[in-house]
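Have a look at it first.

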Amino acid sequence: MKVNFSRRRSLSFLGLLAAGISPATMPAHAQDNYPSRPITLVVPFVAGGTTDIVGRIVADGLSKKLGQPVVVDNRGGAGGNIGAAAVASAKPDGYTLLMGYNGTNAINPSLYGKLSWDPVRSFTPISLVARVNNVVVVNPTLPVKDLPELVSYAKANPGKLNFGSAGPGSIFHLAGEMLGQQTHTTMTHVPYKGAAPALADLMGNQVQVMFSTIPAALPFIKSGQLRAIGVTGPKRSSLFPDLPTAKERGFDNFVVDSWFAVFAPQSLPPAIQTKLHNAIAEVLKDPEASKKMLAQGTDPQGSSAQELADLLAADLKSWKAVVTNAKLSLN
């Protein structure tokens, strides 16, 4: 007997009803089984930087909590835009996630005129995972011991200081621009494709100054290959309790730290969003994961999805003002 397509579809529908399965509930059923295969956590930078360090701790913890491998995929380039775009265009099924940070998610939208993704509309916020104090490090041959001495040296030696960053328009680039604006000094910016190569050239004295997260610079500070001269977060670091903040040394408006958070593509089903959020909350409470983060100078810090959305909105506004004042634009 010949059955046309329309009737065949009707028979399939009736068969599902007879089995007690509604097509409308099938996606929910799939959500209940989530995750049933490995998850990819995209880190939008090369290996070795703080985003990568935090991402690997979170991935390892999520693997244990969710019962499926969480694989870190380093997709560096364009200040994190390449990795962010990959996640924004991925299927919203919970199997592709982004380890975001405020440099990519909150600063880049003001720097780049043509992005294929939107910081708010392209992603589903899951949870904040950490905040990290930033540190100013110099090559040990530079005769400065603190931030005031760095500013004095820059004024006395115009054009002789180069500062490296993890990339053009990164939060570390803008930190240098911000310090220059506030102190009326000039240092030449040298951008790199990630924190690791920038730190390598700082140790090689190709650049003399760098604004970095503590986790990325920590091993080199401990080894004496770099000298830390101040932190730029709102409070001192537990790893360097004797190192004053920029604000303590008279730079009242120079406060810059980094936050890291997990995002998924837009339109992620609420059930999967909740499951991921709860799993991350468990990871951050786990003593082993917390110990790993604290040892790197990273402060484990969770949030609700709404709190993350509010933090992003506030940072988008404040960093836009910094970018506008610096007259920076990347395309």
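Arg37 lies over the face of Tyr95, 3.7 Å from the ring centre. The rule for that: NZ of Lys or CZ of Arg has to be within 6 Å of the ring centre and within 35 degrees of the ring normal.

Some ground rules. This is a predicted model, with local features needing pLDDT of at least 70 and side-chain atom pairs counting only at pLDDT 80 or more, while totals for chains, interfaces and linings use all residues. Residues are numbered from 1 along each chain as its sequence is written, and side-chain values use heavy atoms, with hydrogens and water left out.

**Ring pairs**

Rings of Phe, Tyr and Trp (its six-membered ring) pair if their centres lie within 6.5 Å; planes under 30 degrees apart count as stacked, over 60 as edge-to-face, and the rest as tilted. The count comes to seven aromatic pairs. Here are two of them:

| Pair | Centre to centre | Angle between planes | Type |
|---|---|---|---|
| Tyr101 and Phe260 | 5.6 Å | 20 degrees | stacked |
| Phe211 and Phe254 | 6.2 Å | 75 degrees | edge-to-face |

Tyr101 sits in strand S3 (residues 96-101) and Phe260 in strand S9 (residues 257-265), so this pair ties together parts 159 residues apart in sequence. Helices (H or I, at least four residues) and strands (E, at least two) are DSSP runs, numbered from the N terminus. Tyr101 is buried at a relative accessible area of 5%, and Phe260 is buried at 1%; buried means under 20%, exposed over 50% and partly exposed in between, using a 1.4 Å probe on protein chains only.

**Helix H3**

H3 (residues 50-66) has 17 residues and reaches 24 Å from first C-alpha to last, close to the 24 Å expected at 1.5 Å a residue; the expected span is 1.5 Å times one less than the number of residues. The helix is mostly covered, with 12 of its 17 residues buried, including Thr50, Thr51, Asp52 and Leu66. After H3 comes Gly67, with a positive phi near 75 degrees.

**Cavities**

How many cavities of 30 Å³ or more does the structure hold? There are two. A cavity is a set of points on a 1 Å grid over the protein atoms alone where a 1.4 Å probe fits but cannot get out, and lining residues have an atom within 4 Å of a point. Grid points are joined across faces, edges and corners, and the volume is the space filled by probe spheres set on the points.

The largest cavity holds about 140 Å³. Of its 15 lining residues, Thr50, Thr51, Ala166, Phe172 and Ala195 are the closest to its centre. H3 and S7 are the elements giving two or more residues to that lining, and S7 gives the most, with four. The lining divides into nine nonpolar, six polar and no charged residues.

The second largest cavity has a volume of about 40 Å³. Phe45 and Tyr101 are among the residues that line this cavity. Helix H5 (residues 102-111) gives the most to that lining, with three residues. By class, the lining has four nonpolar, seven polar and no charged residues. In these counts, Ala, Val, Leu, Ile, Met, Phe, Trp, Tyr, Cys and Pro are nonpolar, Asp, Glu, Lys and Arg are charged, and the others, Gly among them, are polar.

Conventions:
1 Å grid on protein atoms, 1.4 Å probe; cavity = no way out; pocket = protein on both sides within 12 Å on 5 of 7 lines; lining within 4 Å.
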